[in-house]
Amino acid sequence: MSYELNFGYAQLSLDRNSNERKDDAWINAQLDKTSTQIVCLHNNQNLLRHPQTNPVACFVPRENADTFLALSRRPVFLGANNDAAFFALDLSQHPIETLAIPQDSEFVDLRHVGLTLAGEHASLLAYARGLTYWHKHNQFCANCGSPSFRTSGGHARQCTDSACGRIIFPRTDPAVIMLVEDMSDPANPRCLLGRNKRFAARMFSTLAGFVDPGETLEQCVEREVFEEAGIRVNNVRYQASQPWPFPSSIMLGFRASALTTDIDIDKDEIEEAYWFSADELRTFGEWGDGNSNKCLPRSDSIARYLVESWLASV
């Protein structure tokens, strides 16, 4: 039995025009098209309409964007779809009260509303957030310390020192996230879920962690599970991935088999962790419902996908 791969921020269908965006004249031509849409951001927050009642992505039409472009004429090209180009514009240098944003619109943390947005729109806003965050934090060359400038439509930066000229590309930090299963009793399969101190109340989720330098993804899964829960695993299998630009990660999903079952949590990272049967998981509530003792991760997360796909297989 399969489970549909339909989680958040992974449904972008734009053509990123990797070759064309290297041409400044082509970028300028896209920016001047009447069909172009502008994705505005402020301090890592996205512009949305009706965020308190019925959140929807707010794309500013090119014909209404002159005021914003006058504040920052270096938007980041995101891609094109059906002749409509999309650009991200970071307005963080200007106080919100001075910006002529559309009526009933507000800058909001995407993580608070991403679950309610159309998948394509949530993916586009997350993509814009990730790229603008990278630009904000890479304005100087790490090699020589000179200022850097945008190139390739905003998908690279270059050192201004001609003696250096280092090209800097957007950074994505790989993190593994894993569903650990105990199949020692085939009649009673179990999976390991834990509570990180930063989690929402009552939520139990899969374990996760960042990949170390010089480490394979499989080695990282084995290390992180042992460090966080004291469980030894093998048979690490890739499942799926999810962009997570909060601020700059990609979540690489795995399933692994438990070799040991005695839990010994790292109390600096994990508050509690338990083995749960499939029947127990099916009694869990939904993230944010407030009506149950335990709840699953939010439905737009790869953690939820890993749990649901495991439930579908046992």
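Modeller: Buried means under 20% relative accessible area, exposed means over 50%, and partly exposed lies in between. The model is a predicted one.

Biologist: How do you know that the span of H4 is close to the expected one?

Modeller: The expected span is 1.5 Å times one less than the number of residues. For the 18 residues of H4 that gives 26 Å, and the helix reaches 26 Å from its first C-alpha to its last.

Biologist: What does H4 give to the second largest pocket?

Modeller: H4 gives six residues, the most of any element in that lining. The second largest pocket holds about 440 Å³ and is lined by 23 residues, with Arg16, Tyr127, Thr172, Pro243 and Pro245 nearest its centre. Besides H4, strands S14 and S15 each give two or more residues to it.

Biologist: How is the lining of the second largest pocket divided by class?

Modeller: It has 13 nonpolar, seven polar and three charged residues. Tyr127 and Pro243 are among the residues nearest the centre, and Tyr and Pro both count as nonpolar.

Biologist: Which residues lie nearest the centre of the largest pocket?

Modeller: They are Arg198, Phe199, Met203, Trp244 and Met251, out of 35 lining residues. The volume of the largest pocket is about 1,000 Å³. Elements giving two or more residues to its lining include helix H5 (217-229), strand S14 (233-244) and strand S15 (249-258). Strand S13 gives the most, with four residues. By class, the lining has 18 nonpolar, nine polar and eight charged residues.

Biologist: Why is the pair Arg111 and Asp109 called a salt bridge?

Modeller: The label needs a side-chain nitrogen of Lys or Arg within 4 Å of a carboxyl oxygen of Asp or Glu. The closest N and O atoms of Arg111 and Asp109 are 3.1 Å apart, so the pair qualifies.

Biologist: Are the two partners, Arg111 and Asp109, buried or exposed?

Modeller: Asp109 is buried, because its relative accessible area is 13%. Arg111, at 32%, is partly exposed, so that residue falls between the two cut-offs of 20% and 50%.

Biologist: What makes Asp300 and Arg298 count as buried?

Modeller: Asp300 has 6% relative accessibility and Arg298 has 12%. Both values are under 20%, so both residues are buried. Their side chains meet in a salt bridge at 2.7 Å, N to O.

Biologist: Why does Asp279 count as exposed?

Modeller: Its relative accessibility is 59%, and the label applies over 50%, so Asp279 is exposed. The side chain of Asp279 meets that of Arg282 in a salt bridge at 3.5 Å, N to O.

Biologist: How many salt bridges does the structure hold?

Modeller: There are 19.

Biologist: How do you know that the side chain of His42 makes a polar contact?

Modeller: A polar contact is a pair of N or O atoms within 3.5 Å, one able to donate a hydrogen and the other to accept it. The side chain of His42 reaches the backbone oxygen of His94 at 2.7 Å, so the distance is within the limit. His42 lies in strand S1 (residues 37-42) and is buried, because its relative accessible area is 6%.

Notes: Residues are numbered from 1 along each chain as its sequence is written. This is a predicted model: local features need pLDDT of at least 70, side-chain atom pairs count only at pLDDT 80 or more; totals for chains, interfaces and linings use all residues. Side-chain values use heavy atoms; hydrogens and water are left out. On a 1 Å grid over the protein atoms alone, a cavity is a set of points where a 1.4 Å probe fits but cannot get out, and a pocket is an open set with protein on both sides within 12 Å along at least five of seven lines; lining residues have an atom within 4 Å of a point. Grid points are joined across faces, edges and corners, and a volume is the space filled by probe spheres set on the points. Buried means under 20% relative accessible area, exposed over 50%, partly exposed in between (1.4 Å probe, protein chains only).
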